4 protein chains.
Amino acid sequence: MKAKRRVGILGATGTVGQRLIHMLRNHPYFEVTAVAASDRSEGKRFADVCKWKLPFEMPESVKDMTLYPSKVEPGRPQIDCDIIIASLPGDIALESEGSFAAAGIPVISNSSAFRMHPDVPLIVPEINPDHLDIIPYQQKKRGFKTGYIVTNPNCTTIGLVMALAPLHKAFGLEAVMMTSMQAISGAGYPGVASMDILDNVIPHIGGEEEKVEEEPQKILGKGSKTKLTAAPFLVSAQCNRVAVHDGHLESVRVKLKKKATVEKVIEALESFTGLPQELKLPTAPVRPIIVRREQDRPQPRLDRDAENGMATVVGRISKDTIFDFKFTLISHNTIRGAAGAALLNAELLVAKGLL
Amino acid sequence: MKAKRRVGILGATGTVGQRLIHMLRNHPYFEVTAVAASDRSEGKRFADVCKWKLPFEMPESVKDMTLYPSKVEPGRPQIDCDIIIASLPGDIALESEGSFAAAGIPVISNSSAFRMHPDVPLIVPEINPDHLDIIPYQQKKRGFKTGYIVTNPNCTTIGLVMALAPLHKAFGLEAVMMTSMQAISGAGYPGVASMDILDNVIPHIGGEEEKVEEEPQKILGKGSKTKLTAAPFLVSAQCNRVAVHDGHLESVRVKLKKKATVEKVIEALESFTGLPQELKLPTAPVRPIIVRREQDRPQPRLDRDAENGMATVVGRISKDTIFDFKFTLISHNTIRGAAGAALLNAELLVAKGLL
Amino acid sequence: MKAKRRVGILGATGTVGQRLIHMLRNHPYFEVTAVAASDRSEGKRFADVCKWKLPFEMPESVKDMTLYPSKVEPGRPQIDCDIIIASLPGDIALESEGSFAAAGIPVISNSSAFRMHPDVPLIVPEINPDHLDIIPYQQKKRGFKTGYIVTNPNCTTIGLVMALAPLHKAFGLEAVMMTSMQAISGAGYPGVASMDILDNVIPHIGGEEEKVEEEPQKILGKGSKTKLTAAPFLVSAQCNRVAVHDGHLESVRVKLKKKATVEKVIEALESFTGLPQELKLPTAPVRPIIVRREQDRPQPRLDRDAENGMATVVGRISKDTIFDFKFTLISHNTIRGAAGAALLNAELLVAKGLL
Amino acid sequence: MKAKRRVGILGATGTVGQRLIHMLRNHPYFEVTAVAASDRSEGKRFADVCKWKLPFEMPESVKDMTLYPSKVEPGRPQIDCDIIIASLPGDIALESEGSFAAAGIPVISNSSAFRMHPDVPLIVPEINPDHLDIIPYQQKKRGFKTGYIVTNPNCTTIGLVMALAPLHKAFGLEAVMMTSMQAISGAGYPGVASMDILDNVIPHIGGEEEKVEEEPQKILGKGSKTKLTAAPFLVSAQCNRVAVHDGHLESVRVKLKKKATVEKVIEALESFTGLPQELKLPTAPVRPIIVRREQDRPQPRLDRDAENGMATVVGRISKDTIFDFKFTLISHNTIRGAAGAALLNAELLVAKGLL
């Protein structure tokens, strides 16, 4: 058994960083060896800075770690590790993640900064693992040697695209309308003010609709060694924040190219599996999509933790009066939508020999 | 000044009944003279039976009223009044409301029982007051003499149809996709269990999607003295329950027949008024539609009480990637969506000399 | 290894019953072999009747079980099992539980019906396992042969008495003031209406204050083979319901007989263990009391699941201006406060050879 | 009719400042003529800076006001007004409020900075209006000419002290135990993070318990022209934050010097009035204390707005097992607990000829 890969976590004190540290506490491939946060935390002890908000104990192994800066810069301490998993705000991710890749370290990114760059794969391991073939092209184009950047989707995109993938394959997608009811943990901490969300809904999440309207096509598109081609369907998104801790609920309508029935849609969803299931990657859900038949499911509180938060749970599948079908799905936004997505990508890279 | 009309309230102890009693406490046209509830409450004192849940005091005038049965039946006490306003569960409304109309009393109904009957007008006073012209036909067909039945829409339909009316008039509607985030008061009391909604969303409200998918077309259709013809556009609805006390929030996309711009859509919405505004009916909002420009409005907590809960507040109007436009709206479900809708209908009937 | 004891669960479809079924799904001593619910469910399939509200799957093993009646009655189907664990409403528990004990089956009861009966032990295994010595006296007095009744405390009492036990032992209790903020799951399902608790607190829980004001003294009192003598201290309780799913938070002040310091109070709490820890009972928490030093802990969301929901977490220990000390504690109301309490009692009975 | 006094509001963009602006929108004595906020907002337009969070429209009259700095400083713009009402964080209030008083303007302060200063009156108009007699002494001691400082209590103190005042007068207070469940609006905006309070309680509010443990004695103490003497009873406070928008709920036990009965306690509370009621001050509640008999009242959602948020609503009055009586009260924290308290103080100053 090969020694565990050393993981450096950027944004380690944040909501996703904490989740990732928790998920990595006993991981067969990886161990957290370095943590980084904002500049003002540099040099401080992790446990002194991090406001730990998970209902689990902070792992002992990270408590005494000293926080590194979140980018590679001459004259400052630099993380030494085999892989970076980054959960940074979009505005600083570009420079930060780029600096690590340039310094030779593969970067798995949760941020939106690189997602839509034409040479950067946007990976959901069950759907488009072949898009990783573009990495050598990316390295060449950007002058990276051993480093590279792999991204995972926005937390609202991923639940949607999981449900769309089997439908696209079986019936061809023409158009997708999605209205989300998103959890507060998606905004990080302190994030959403309680005065804004108690007895309320906020019908706006900055930049979210734009991301959901372009990421699915890239993920469901075709890859090659030099080009990623978006799939030609349309997505419309309306994103709302609701008083839910975790789990983004999405009301979806789809218009398909081929005729289908509710039964065939269910069959396509339930039979969906991919490479992570085949390879039995440690974080892979056994069933990436779970279909529930109860008329009032899925629900965030009851379904977000299915398959340890890595499954997409779909329900209320029925004929739509305008498009072909409508359904509701839930996906855990900080697990499958962020920490777990990045970790599954990292596991895929190991399995593919890229790490 | 004519004496006040005597109002009998069916479902008086329920969430909508309470709201109506509150709205009628100092009304220029009406006074509550009788209250009715379920059979098991018959003969009891209102204040002893009613679990008053509004953050206002129960009006003194109703406290000592004796509860009547909710239908006209030989050998039981019968409400004597000029008009019935009924907020009953759908399953008992048909018989109950019919019995009062047959007994000669005009009935304003909040329930779904008669809404889609071809001879029963489904009225939003700003939109289709002319549909009242069918009343003589209804009376003739059903053998009613002085009684008749007028209905108001489902609490989710009404906010939607308010926003659709000016768009339909200006540009013609082709298709409407609506996803709702509905308040708990819509389910009455006790209604939604707290264990079901705290930190959760329930993606199902029994019968709601079906109602929203057919009522707007009737309301926006054409009336005549013998026929109500539905407008020929399609509606798709996905209805969700969220942890909000009052106010149904709706994410809407519309496909129009004519070209429009965001500015023209806003103009159509903001300039919308109708007969209640012209007649200055007591419960009529000055501005039936309020358009907000902030990117995070409307919100239930901040906008549901606009114009005393009688306005529909619309925001986030923008181009859609698939349909023509998308926007978000809020409407107070127990005021504009129920008690206030019925009351405004009653006021319209007075103004039109029908009461 | 002895075969697993067969457990019959009364109130199996309720909030506590579901939790118990979940906790027993892979238990080393026990297996659920029969389930019972209200009369109207008799003969129906468990999965058809039970509205499962836990964020875990319903165990396959119970889905197809047929529901028994909740009491032993001639001419009706009767549960055959080695032990009954009952979570019934207080009003039916007396007859129901008594009928099983009379029929020869030991009953572990979550209800208040028998708790304060002088011959019925009210057991917290860490505190007063010796009170079980009264069982033969109970059997003799009531004419039970192999059956008997053992109770566990009210869900608000247990967290309190866990924290009081070491203080009583070390310093002697004189008086205890407790104000609770209790979770909605304590009222079962549907229980608390969402309209009552969203953006609200309800300062009343029927019968709760009375229970908390008398149970601790019995638990911390002296046992013998014929008598249970209450400890002579006073308890005052004010109980409130808050918008929290699980976990009763309690603000406590204590007046002690001997002088103490904050440090000594902490030491007494942290060093507390009992027989379940010594015997390593399967459901026993390793640390029955956890003391947290952060100024804003314990919190329901972060601390209720400590030690799988079986620990009492105490924090904010400081000097009081009137009594000696004040502190805050949390205890998971459906685990340590109900299902887990009953199960730990059952494990204790096995360990003591009483089952 | 004298011209309206010109009011300058410090902390105008905050939660309390907004409430005050709303309450002053049509006030018979006062008009808002200047607004101030933090240094970084100086010179900006009020409507551009203020995140208005009340479910009412921002008054037109303030929208275009230019924000002043929050203290008097040479070379910076200075508010010209007849009275300052300040709602500032404690850490900046000392210097800020002092600078205005020194500059000759009477200051009504919501902050804790000056409350416990021996020469500063801590006023609740119903209870201790005579404490204003110390103002000349304060002016002399501090070298103020026309300026002075009058404070109102902490938002948790005021509800408590309202209920205590009649009991202290009738029976004499010996000791008071108070456990609070406080609203999120008390922490301002953004204040409490939603991740901290949804499905949770936070058992800590910085500095709150200390304030509640010393302010009531000052308010219920004796005043003279040179000295304010605290009443000699003890208060113990445990303060918790709950998921409620507005309204601090308090569970209280009291130990009295004289014997009383529940009926006499109720009588003392219900018959309580003071100078504001006698003078019919515009913001004074007709009934400063409302006693409710229902077993589940008061509740934040139903009772916080009683008498426009200016009443203290008390319920659940019963004998305590340790102290003499226990009860529950609610007081609206941003109205009676802050904006309304300051405003009523200002009205009292006008009525007393001090303004």
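Modeller: This is a predicted model. In it, Ser318(C) stands opposite Lys326(C), which lies in β14(C). The strands concerned are β13 (residues 312-319) and β14 (residues 325-331) of chain C, which pair in the antiparallel sense over five bridges. In general, strands of a sheet pair through backbone hydrogen bonds, and the pairing may be parallel or antiparallel.

The pair belongs to a wider arrangement. In chain C, six strands form an open sheet in the order β10-β7-β11-β14-β13-β12, and the pairing is mixed. At the edges of this sheet stand β10 (234-241) and β12 (289-292) of chain C; each has a single partner strand, so one side of each is left without a neighbour in the sheet. From one strand to the next, the twist averages 20°. Helix α6 of chain C, residues 155-171, packs on the sheet and touches β7 (173-182), β10, β11 (248-256), β12, β13 and β14 of chain C. The direction of helix α6 makes about 25° with that of β11(C).

One may then turn to the contact between chains A and B, to which chain A contributes 35 residues and chain B 35 residues. On the side of chain A that touches chain B, at least two residues each come from β7 (173-182), β10 (234-241), β11 (248-256), α12 (300-303) and β14 (325-331) of chain A. The most is given by β10(A), with five residues. By class, this side of chain A has 15 nonpolar, 12 polar and eight charged residues.

Definitions and conventions
Residues numbered from 1 in each chain as written. Chains lettered and ligands numbered in written order. Predicted model: local features only at pLDDT ≥ 70, side-chain atom pairs only at ≥ 80, totals over all residues. Pairing = 2+ DSSP bridges. Helix = DSSP H or I, 4+ residues; strand = E, 2+ residues; numbered from the N terminus. Axes fitted to C-alpha atoms, helices over the stretch in contact; angles between N-to-C directions. Contact = placed C-beta atoms within 7 Å. Nonpolar A, V, L, I, M, F, W, Y, C, P; charged D, E, K, R; others polar.
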